[in-house]
4 protein chains.
Amino acid sequence: MDNPDKAAQAATRAEREAFYARIGADNLAPLWEQLHNLVTPTPRSDCQPAHWSYQKVRPYLTEATGLITAEEAERRVLILENPGLRGKAAITTSLYAGLQAILPGEVARAHRHSQSALRLILEGDGAYTSVNGEKTIMRRGDFVTTPSWTWHDHGNDSDAPMIWLDGLDVQLVGMLDASFAQSSQADRQELLRPVGDSQMRYGNGLAPMDWQPPANKASPLFSYPYERTRASLHAMQSAGEADPCHGYKLRYIDPLTGGPPMPTMGAYAQLLPAGFDPLPYRCSSGTVFAVLEGRVLVELADRRFLAEPNDVFVIPSWAEHRLVPQEKSVLFSFSDRPVQEALGLWREQRGGASGSL
Amino acid sequence: MDNPDKAAQAATRAEREAFYARIGADNLAPLWEQLHNLVTPTPRSDCQPAHWSYQKVRPYLTEATGLITAEEAERRVLILENPGLRGKAAITTSLYAGLQAILPGEVARAHRHSQSALRLILEGDGAYTSVNGEKTIMRRGDFVTTPSWTWHDHGNDSDAPMIWLDGLDVQLVGMLDASFAQSSQADRQELLRPVGDSQMRYGNGLAPMDWQPPANKASPLFSYPYERTRASLHAMQSAGEADPCHGYKLRYIDPLTGGPPMPTMGAYAQLLPAGFDPLPYRCSSGTVFAVLEGRVLVELADRRFLAEPNDVFVIPSWAEHRLVPQEKSVLFSFSDRPVQEALGLWREQRGGASGSL
Amino acid sequence: MDNPDKAAQAATRAEREAFYARIGADNLAPLWEQLHNLVTPTPRSDCQPAHWSYQKVRPYLTEATGLITAEEAERRVLILENPGLRGKAAITTSLYAGLQAILPGEVARAHRHSQSALRLILEGDGAYTSVNGEKTIMRRGDFVTTPSWTWHDHGNDSDAPMIWLDGLDVQLVGMLDASFAQSSQADRQELLRPVGDSQMRYGNGLAPMDWQPPANKASPLFSYPYERTRASLHAMQSAGEADPCHGYKLRYIDPLTGGPPMPTMGAYAQLLPAGFDPLPYRCSSGTVFAVLEGRVLVELADRRFLAEPNDVFVIPSWAEHRLVPQEKSVLFSFSDRPVQEALGLWREQRGGASGSL
Amino acid sequence: MDNPDKAAQAATRAEREAFYARIGADNLAPLWEQLHNLVTPTPRSDCQPAHWSYQKVRPYLTEATGLITAEEAERRVLILENPGLRGKAAITTSLYAGLQAILPGEVARAHRHSQSALRLILEGDGAYTSVNGEKTIMRRGDFVTTPSWTWHDHGNDSDAPMIWLDGLDVQLVGMLDASFAQSSQADRQELLRPVGDSQMRYGNGLAPMDWQPPANKASPLFSYPYERTRASLHAMQSAGEADPCHGYKLRYIDPLTGGPPMPTMGAYAQLLPAGFDPLPYRCSSGTVFAVLEGRVLVELADRRFLAEPNDVFVIPSWAEHRLVPQEKSVLFSFSDRPVQEALGLWREQRGGASGSL
């Protein structure tokens, strides 16, 4: 190892390439050729902002019901694929989203998996999700969870199609190489508790004496009815000043920890009052939004689009943006923020490039 | 949406493909064609078991010092690329590993990044790593950390080359799209505290009155000297029975929380006594091992190899294996287990396929 | 220090007493004369079981309103003094309880103190408690908190007297020598938020984005309406089996932590179904009960009494007892259990002397 | 309840007293006569500052060894009784302290109790404390714990007397009515692990894989050798600036949580450099100090005393004081601060009456 500098200076590109080829055969590669792609000054993935108009997607869902049965599909879902991440079933680098449809009389049979799932109900009234022996009736705007490794099935006992937005941590779990799954023989799991039982046990500022933290670290509440969420948003509006970036914004919580409803995904609801003129904002968690009420103009550095009821859109990590309501609007959103916070990675910048990091 | 079953039965493969093409143009894709690849019954990545013989890699490191200066390289490292994940700079699906060499008189200049890094010293005595204004002298077997967003630089004031194993959460941070980095103008950061200061403040069962949990959630200890670790392993051996799978195994901790030294990577040391005949084991965290003492026969389902001092090997997620010492041996290892535990995803199986999940 | 045993044998009682007198002058005392009183095999305080009949106490409250104005009293309260602890204003060794009355048009002016207080509303409808700028309207059965160091005042805008049970950690705070208090100049604090605001912000499975853990470690919910609690108890009854000792029992929680509503006092509600025949029970936290519905026969080792609506009774630490409903009954209770749990001291024994410790 | 104000005005002192007597018979008392004694503006107990000179107390210990055998005494200890709290075996309102002596060849037989105990070794070298099957050799300055409900015994295999300061949470546990205790038949408990085992398992920045949080919430480290503590204090001195009130001060920690060594008592070590001129200080936890090195002038509002090696002194809650070293000095101290912090009660004031609360 003598005189390294001299030797190094003499090394030509060709010599280096020859070296790389030789070590490559032994599963080695030079870091110095890749360091700046692996460790970037700011997030730099292929994830792009994107917008799915419900008006456009809704007919495809109808068409899909004619192409495949719920039974055959197991889950009849159209994946919302990020245009920058095609082929990866990803809406952000870490998360999956899709629109699921279930027709009257159909069931999506029971399975469970290490991936956590959330639902935001967009259309219909009266279908159910059953989680670990408890049935939850779903209505528009409700936020429903099926935490990691919980048996869950869906069914539609109502007389109209039911459509909801699915969010899962598929890419995160895939990257961790920690996917486990099981299918049930039964279409519907056995019901062990009355409808609404978990809401009664955990949703009223109380907890049973024998509650213990579950292994999956998820909230014992499986459903967060929109009726309650909406009331909370309006109470905030009548009580105080809006956040300059977010308007009136709440996070869904696990009432036994104050943490997120599931450890891998945070979910949020926000009310943007009419005339609200937000400051620019960005954070390190790519975020999926759905419009529950109103219309919102989404402004990014080099594009803008108008999001209307049931539309879904995604803001990539660290992309500066403004959500400008065209009337009083309510947005639902979800992201991997709890993961980044747990790992000490999450960052935000408020107020634009002049804002403090 | 009438008569879906009838329509569905009539749908041919061609009709479906045509539909997929149409919706693909609108950034949609059918989940039912991919569900079973996204949500697998058990972990099923391309990650493979692999083994790097130090005897083989060491000459390449010497050669590399002749091909590129430390200054030009910023970090002169050979990446240990998993043969199943070539081109991704990954040793497991979530982690990066490399072997770094620094010659007498060289420095690797200061930078910081959101990626957390750990080092296991393999060769040399007396080079340093400086972290946030404090210099740590490195000796063989020492475990040294540079947590997320801490300024760090390395230098070799000794008269022999220094080589260590690097482990970083590059793939995890990349997947979360949360990479931030800065370079310093200075080769060496300003030293603010004496050598060994953090060991004195936090390594003796004490903490300063004004300690506060840091934003990066990392241990305030930057160095875990092998001398101490080795003493602990031998004390365990003289005190009690070995774990049937792991022998005598300890985890490195943050003494202010009892958690891992950094939130994204757990690190472990284990002593396998001579004649130890372990039960099979697997867990959902792909794990990187390095041999500090002795020789270990690594047995997997369809391959086996002998790991000798300073050799590195990797066991993928959920790959059943046995680590059979050929003499008294000490192993260092690291993995993403703290991440999976924080997210409620980690699993293990002890005792082989007949073991309980 | 030679031949201690010989010397010790020779020491007479009188010699010892003379020694004790001499060292006493220097603030020293022999432990060996007191050890077995200080460190007892099981709890052995002077606290006794006791029962306050509302029918008997209610006329005293009326009489008190004629003897002292709310203004003069600051708080017009009759202390429920444990008969074994007279003169100490204590209902258990660690807690205080009292019955407070406020007439139409009266106010109890604002003050704050390090002692935490809880209220269980026994009679009346429409008086208020204001806590930190937010007014809460109180109704029978509601559980209302005024956590440590929060400004609070009460007033009765209704047209009937309002009576509630107060519980405070007065003895605990006194023993810790940590009492701080301030009086406000104003009868009524300024209201900063609408009535019910905290219920809307924290009581619906949501939390504002900017919530931070408060220094007093208390729940942001100040009121737990009986309507909700009652619904939860009945849902539990319709869903599952009763606990053999407690029937259907819930604890009031801080929805941001899952912990108790205040760090020093736990509060509980339980439904004892008609015909329920409980197993004996004891725990190390002396507990204060109030009857909200029904009638309960309280059985202790050497006494029994019948508790009727609004009656209050206390069970000392480690006193075995059974709560036998004479009809469907609902009990409220509070104790220092969260303190003992936080300190690793709490114990229980279920099923009587034959039960495992 | 008509016209209360008029009636109240008419009520004479005599009428009130008559009322109090009547309700007293039913275990009731008027709060308004006591409120300002129960809820005081600042801590106002009978606890006084006090100082025990080792030079004065040491001969009494010798004398005590002639008056009672270790066997007869179970623990041969002189209680340090606060002059304001005589007869209560208390050094502060919540804590007990004593000086224990054990002669060569003596043993203090095994018992356990819910009270937690700490020891600071003042004199001797080589006696032992055994805790839960592990023996710890004690040397001057060592801080040793026997957490709640751990079997412990002491013995002196050396050839000189051994004397240490005991601190226990006797008053706290008594107030909570949560005292449990058991005696062992055996003088010495069976030893299950080698001497120093817990130091090796938990004291080196490591933890065994199978560690689980214990029910008593105590540190798995039973001994904190003064050699290590002293090195840490001197390293702090050489590294940085002194705290204006405390000099260089460290807290003993549980390395698995970062919390106190036992949940009911915090323990601290501080170095006061020669010439240090501290700012006044007070906090809500009455604190017991022992001098390990040097001499310290203790200044309080209306008294001052000089504390020399092995002297013990106590500062009551909220008593402003200055600890002025007459030469480089090292102090050990302990208090109930972790209890007050866990309950949201702890306060401090730095810099005197002009300091901010």
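Visitor: At what angle do helix α2 of chain A and helix α4 of chain B pack?

Guide: Axes are lines fitted to C-alpha atoms, for helices over the stretch in contact, and angles run from 0 to 180 degrees between N-to-C directions. In this predicted model, α2(A) (residues 13-24) and α4(B) (residues 54-67) pack at about 165°, with axes 11 Å apart. That makes the two helices roughly antiparallel, a term for angles over 145 degrees.

Visitor: Which residues of α2(A) meet α4(B)?

Guide: Contact means heavy atoms within 4.5 Å. From α2(A), A:Glu15, A:Arg16, A:Phe19, A:Arg22 and A:Ile23 meet B:Tyr60, B:Glu63, B:Ala64 and B:Leu67 of α4(B). By contrast, no contact joins chain B and chain C, whose closest C-alpha atoms lie 14 Å apart.

Visitor: Which residues of α2(B) are buried, and which are exposed?

Guide: An α-helix has 3.6 residues a turn, so residues three or four places apart point the same way. Buried means under 20% relative accessible area and exposed over 50% (1.4 Å probe, protein chains only). In α2(B), B:Arg16, B:Phe19, B:Tyr20, B:Ile23 and B:Gly24 are buried. They cover an arc of only 130° around the axis, which puts them on the same side of α2(B); the arc is that of the directions from the helix axis to the C-beta atoms. On the other side, B:Ala14 and B:Ala21 are exposed.

Visitor: How are the residues and chains labelled?

Guide: Residues are numbered from 1 along each chain as its sequence is written, and chains are lettered from A in the order in which they are written. Local features need pLDDT of at least 70, and side-chain values use heavy atoms, leaving out hydrogens and water.

How values were computed: Predicted model: local features only at pLDDT ≥ 70, side-chain atom pairs only at ≥ 80, totals over all residues. Helix = DSSP H or I, 4+ residues; strand = E, 2+ residues; numbered from the N terminus. Parallel < 35°, antiparallel > 145°, perpendicular 65-115°, else oblique.
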